[in-house]
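Open the model in your viewer and keep the selection panel at hand.

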Amino acid sequence: MSSAIAVADTRDGELCAGTGQALAAARLLAGADGSLALLIVAPEPAGLAAAASFEGVERILTVEAGSGTLPSEVVAAAASAARETAAAAIVFAHGPDAMAAAPALAVELGAALVTDVTAIAAGGSGSLLTRSLYGGKVAADLALPAGVPAVVTVRSGSFTPPGEATPPTPEPLAAPDPDPAYEHLGYLEPESGNVDITRAELLVAAGRGIGERENLEQIEAVAAAFGGELAASRPLVDAGWVPASRQVGQSGRTVEPKVYLAFGISGAVQHLAGIRDAGVVIAVNSDPEAPIFRVADYGAVADAVEVAEGLERVRGG
Amino acid sequence: MTVLVAIKAVATVDEEFELADDGLDVAPEFVERELNEWDSYAVEAALRLRESGALDEEIVLVTVGDEDAEEALRAGLAMGADRAVRVWDDSLPGVLGPLAAARLLAAVAAEMSPSLVLCGAQSADAAYGATGVALAAYLKLPHAAVVRELSYSADAIEVTRELEGGLLQRLRLRTPAVLTVQTGINEPRYATLRAIKQAEAKELDLTDPASLGVAIGDLPEAVLDRVYVPAVEGAAEMLEGTPDEVAARIAEVVEREMAA
Amino acid sequence: MMTRGEAPADGPYAVLFEPVEVGPVTLRNRFYATPQCSGFGADRPHAQAYHRAMKAAGGFAVVHTEWCAIHPEADEWPAVTGRLWDEDDARNLGLMVEMVHAEGALAGVQLGFNGAHSENLETRRPARGITQVPSNTFHFHSCYEMTEAEIVELQGFYVEAALRAREVGFDVINVCANENAGIPLQFLMRAYNRRDDRYGGPFENRARFLLELLERLRGALGDSCALTVRLAVETHHDGDLGMRPEHEARRVIEMADDLVDLWDLEVTGRSMAEWGESAGPSRFHREGYQLAAVEKARSATAKPVVNVGRFVHPEAMVDAVRRGVIDLVGMARPGIADPFLPTKIRENRVDEIRECIGCNICISRYEQKATIVCTQNATIGEEYRRGWNPERFEPAADADRDVLVIGAGPAGMECALVLARRGMRRVHLVDRERELGGHLRWVTQLPGLGEWARVVDYRKIALAKLRNATFVPGTELSAADVLEYGAELVVVANGSSWARDGLNGFDHAPIRGADASLPHVLVPEQVMVEGKPVPDGPVLVYDCEGYYMAASLAERLAREGREVTFVTPFAEVAPYMDYTLEAIGMNRLLRGLGVALVPQHRVAEVAAGAVRGHHVHDEAADVEWPVAATVLCTQRVSDAHLFRTLEADPEGLEQAGIEGLYRIGDCFVPRIAAESVFEGHRLGREIDSPDPSEPLGFPRERLLV
Ligand SMILES: Cc1cc2nc3c(=O)[nH]c(=O)nc-3n(C[C@H](O)[C@H](O)[C@H](O)COP(=O)(O)OP(=O)(O)OC[C@H]3O[C@@H](n4cnc5c(N)ncnc54)[C@H](O)[C@@H]3O)c2cc1C
Ligand SMILES: Cc1cc2nc3c(=O)[nH]c(=O)nc-3n(C[C@H](O)[C@H](O)[C@H](O)COP(=O)(O)O)c2cc1C
Ligand code: SF4
């Protein structure tokens, strides 16, 4: 029987979506009857522990960290938790915090390290971990070496979080000694009014299918209503309706929003080249055969403008 | 003293490609190599620290890679680095795990005791996003990952890390330290043709794992089982109904994903 | 003759590669190169043949000649069309047939007779027309009214020309009934046909000429060639004076359908001068702009239909075919900009297509009685005399050199691209700005010129694929920097700027008070790039250049709600646009936007609050325009300083190891972008010639005594 630890993904006194996904991956690595612990390293972990209502979590270990959780604190806490539970796997949600902690933890524990994992298949002799290479052109399966623990980080959206259950009583662990090599100086909130579409989290993109220039306002209204930025396929830039800085695609910008909402865009390869790294793609197109539906996560065969009007209404516009 | 910049000659794969016969990588004829984008920001950061007078040290590039990696080293030398070290021996696997690369780089660093080590936050090809921090751990040096701003003084370095959604964290680290650099921290310079020619004459040393006293086989690296072209993603989930119903479903998805 | 079909490519564009039967011949795919003037005609048989063969090599299924005059009474000289006056003309065109066949395509010929519109300046023959009404396109020029016997005789001219064409191997014989030109179309239209005999009056009579003509051609040709008609289905006349797709067009198509193997359906304007409705500039027409009209006539025929409309995107082509509007995709300009467009689609190399930008510079050269050029494709028209193939580049003999190209406008981009393709060791393309494009970066922000950005897009994508080419943005180089840069070859392509003092070709001097450092005086860069505010109130745009800049700025300002007065010494607004077929539309547009158009006037003085000037032919006729701001589009001035400084320092060049110093594009002479692209291309092709700054000679097709 093996055990695994998921390290909670937290920000600002709240659990983030990565926590459940890390737990799901940890469960796969621990096996159905392995034991699963959640480690919370945060300034005030008790509140977080109470909110960690995930099915299948046997222990919740908490470590009180300083106001800006430092990677050194996470590594020290995770290392002692891993030793205490004899964990075979320690799982993080991939992201800037995991990038700062997971590799150091692997070195510290003499563990294997596999990052940005998108799938885990439990096999006979061991698990196979899938991750992508070359910008997603190729996938690679990796086998974990025997006899050592593994530190794993998992890609957002790749694992389904477990169901809800009452959290077990948290077990506080000793806070590690502060590492004098680091000092947290504070957080800076994101600047607003950013029009660089490569950094936008929500892009509302218009293509030739929106028809008339006037309809662009409708698409802009949707972007405004949902706090996104306007983007466009090239024909609209050609037509001078949208500045080139908002063009997505091979000759435009490569974007990586969480959500890409495309209205009346057919999905030509040159356009798709720009959204390969987008999170969720939602396409509205009147043609059911439009190639964009092959890469979209959600699709609607509908009139772009009518749906855009609907969206504004939904948002109480 | 030195500023060490660890770089990688990343592989870029053609639009159309085939896999190698052993099924462990893309066939080499469909691959080109270039200086990892993130690493060019790291080189630039080192050059700027020197130009600003914050540091007056030799800037050394180091990479683990075969002969094809030399072009990337030359590109960094043309930007203005002083010399380069390449670690290789033909027993090393083509696709190196994150621990092995970090361990070898750490061994090179250990011989130089640099006052600062800079790396890219991730490589464009394997995208482990791990090498710099693992390297720091092997060296037992403080580190910061995904750095977007930095200022340096002899005993401390202040950095701004990029977190998700535009949130930033400001940190002070004791030096020597290891930083992994995010794109956008600066604008990497373009080398002039003259600098490119001069770079051809700069010192480029070759060393191997044995000379560094590192046995890669001892590292607990995950084992590559196979690579393959991922199955085309399932067809989109189609949202049906009147435009208003479709809109309501879309709003739901957008709100859910943006909150994630 | 080869009629093999093509193995259809897999994937979304496969339908475009299905063979299509057209009467007795089979087209290997759906790519149909329509009749298109080249300026080579029958008198320059080699240039003609190599030009057409390039499209055949590029994958078109059929390639046509231009309009070929069937008889000396249809003489458009000095404009160059093809001719089939006699066997010698046919023999010269026969070389084209041979070369097109060798590339696996079919050769088509267009039979033309323009009636009243033929000036016959070379033959000095009176023009033969339907009704004695002067041409509305050529000044002071009329025709005689044919008798019925002369009509029958004219049909005979067609038959004889067709037989001559068949004799030299043409596979497709096309009757021109489009663009107000072909007399069969004129017969159909009340606007031209006021006869009251068997050939005039009711529609059946007006259609008689074409029906009889087709019967006679069919009889003479039998099944040896495909017989096709290029018909204007829409001529934009009022009421029933011209062609309407759902009326006259449908009727004549139904009446003649049995006699015809294919219909090439087209939209055109009210007069011959308005063929910009057919060869639509991107300023006014988007891809596929004729489909809506053609769709209305389409169901009248059971035969294959072709239509044009600046098709460059395979998605749009597939869509038009799938929807059943067309069977064949007609192209003139897209195949000029990229003769290899079909091959690139077949091989899924869509991002390598040099897309037509719809500038109509190709047409301008026909209108200027010259040979064809293209903004996007520098090799067009140079296939024979310079031996250029747009897709093929020889390794340079001096490829071990590093090149510095300064300025990433059309000239610099093209030169860098050609040099990189020729394998120069390293090519650095350096620009002060962050993006490629030079002046096109901002010119494409002018209303209607968005598609011109394709000049940049094509080169941006192509350069990105070449490992020996590097674009260095945001870097301004002084002469000293150039010497330091470390290149063996230096190409200066840093462009030009609009005169800030009103210097112009009418006064040969600056204009009094014109000083763009003052708040009320502006030049195009200040408006478009520098963000200098245009003071509130009425604006005067002064144009001494005659092409798009002033007109487009006037349009932009008017669209922003400004009161605009457009003053120009030319006899009409934007006369260069006559050549590009944009002038009529631009005049209509500016009038519609309420711009006051003041041709034939010169500006003598620009002051705060008022501009003073006078009629060009009457200095006493003073005018004062009370305006808050003046935008000067008087002339561009080459940014020659960098080149001149370098040139003046031969020792510095030598010490720096610079072996060659060249200048191309607007920094040499400000011209249209097509000439800059050509110059960049030419230098790239000839970088290893004995003196690259001096263009190599080329064979001229002339009679030697
Ligand atoms: C060299 C090169 C570079 C290029 N670079 C780029 C680039 O960087 N970016 C880019 O975007 N393109 C680029 N393109 C162009 C690309 O090939 C496509 O032409 C372009 O992306 C198509 O844009 P679109 O999807 O908006 O238009 P279309 O392909 O015309 O698609 C319009 C879509 O709207 C749908 N539609 C129509 N009416 C409605 C309606 N009422 N409601 C909903 N849907 C409707 C249609 O079904 C169709 O699918 C490039 C092309 C080339 C050759
Ligand atoms: C330079 C040039 C010359 C042309 N000459 C002819 C001609 O001789 N006969 C003809 O029927 N059409 C002629 N055309 C019209 C084209 O065949 C075509 O109908 C038109 O350009 C629209 O198609 P496109 O959008 O594919 O260019 C010419 C077009 C161009 C660009
Ligand atoms: S000159 Fe302009 S319109 Fe003509 S083919 Fe070339 S790009 Fe197209």
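For the counts by class below, Ala, Val, Leu, Ile, Met, Phe, Trp, Tyr, Cys and Pro are nonpolar, Asp, Glu, Lys and Arg are charged, and the others, Gly among them, are polar. The model on screen is predicted.

**Stop 1: ligand 2**

Select ligand 2 and the residues around it. By class, this shell holds 12 nonpolar, 6 polar and 6 charged residues. Of the 24 residues there, those that come nearest are C:P35, C:R230, C:E266, C:R310 and C:R333.

Now show the polar contacts. At C:E266, a polar side-chain atom is 2.7 Å from an oxygen atom of ligand 2. At C:R310 it is a polar backbone atom that lies 2.6 Å from an oxygen atom of the ligand. C:W67 also uses a polar backbone atom, 3.0 Å from an oxygen atom of ligand 2.

How much of the accessible area of ligand 2 does the protein cover? Taken on its own, ligand 2 has 600 Å², and the protein covers 98% of that. Colour β4 (62–69), α10 (333–337) and α12 (361–367) of chain C: these are the elements that give two or more residues to the shell around ligand 2.

**Stop 2: ligand 3**

The residues around ligand 3 include C:R333, C:I336 and C:A337.

By class, the shell around ligand 3 divides into 8 nonpolar, 3 polar and 1 charged.

**Stop 3: backbone details**

Most residues other than glycine have a negative phi, and most peptide bonds are trans. The next selections depart from this pattern.

- Select C:W77 and C:P78: the peptide bond between them is cis, with omega near 5°. C:P78 is in the loop between β4 and β5 (82–83) of chain C.
- Select C:R124, which is not a glycine but has a positive phi of about 55°. This residue is in the loop between β6 (106–112) and β7 (127–129) of chain C.
- Move to chain B and select B:T175 and B:P176, joined by a cis peptide bond with omega near -10°. B:P176 lies in the loop between β9 (168–174) and β10 (177–181) of chain B.

**Stop 4: chain A**

Finish by colouring chain A by domain: domain 1 is 3–172 and domain 2 is 197–316. Their C-alpha centres lie 35 Å apart.

Notes: Residues numbered from 1 in each chain as written. Chains lettered and ligands numbered in written order. Predicted model: local features only at pLDDT ≥ 70, side-chain atom pairs only at ≥ 80, totals over all residues. Heavy atoms only, no water. Near = heavy atom within 4 Å. Polar contact = N/O pair within 3.5 Å; in protein donor to acceptor, adjacent residues only side chain to side chain. Areas by Shrake-Rupley, 256 points an atom, 1.4 Å probe, with all protein chains shown as cover. Helix = DSSP H or I, 4+ residues; strand = E, 2+ residues; numbered from the N terminus. Domains from an automatic or database assignment.
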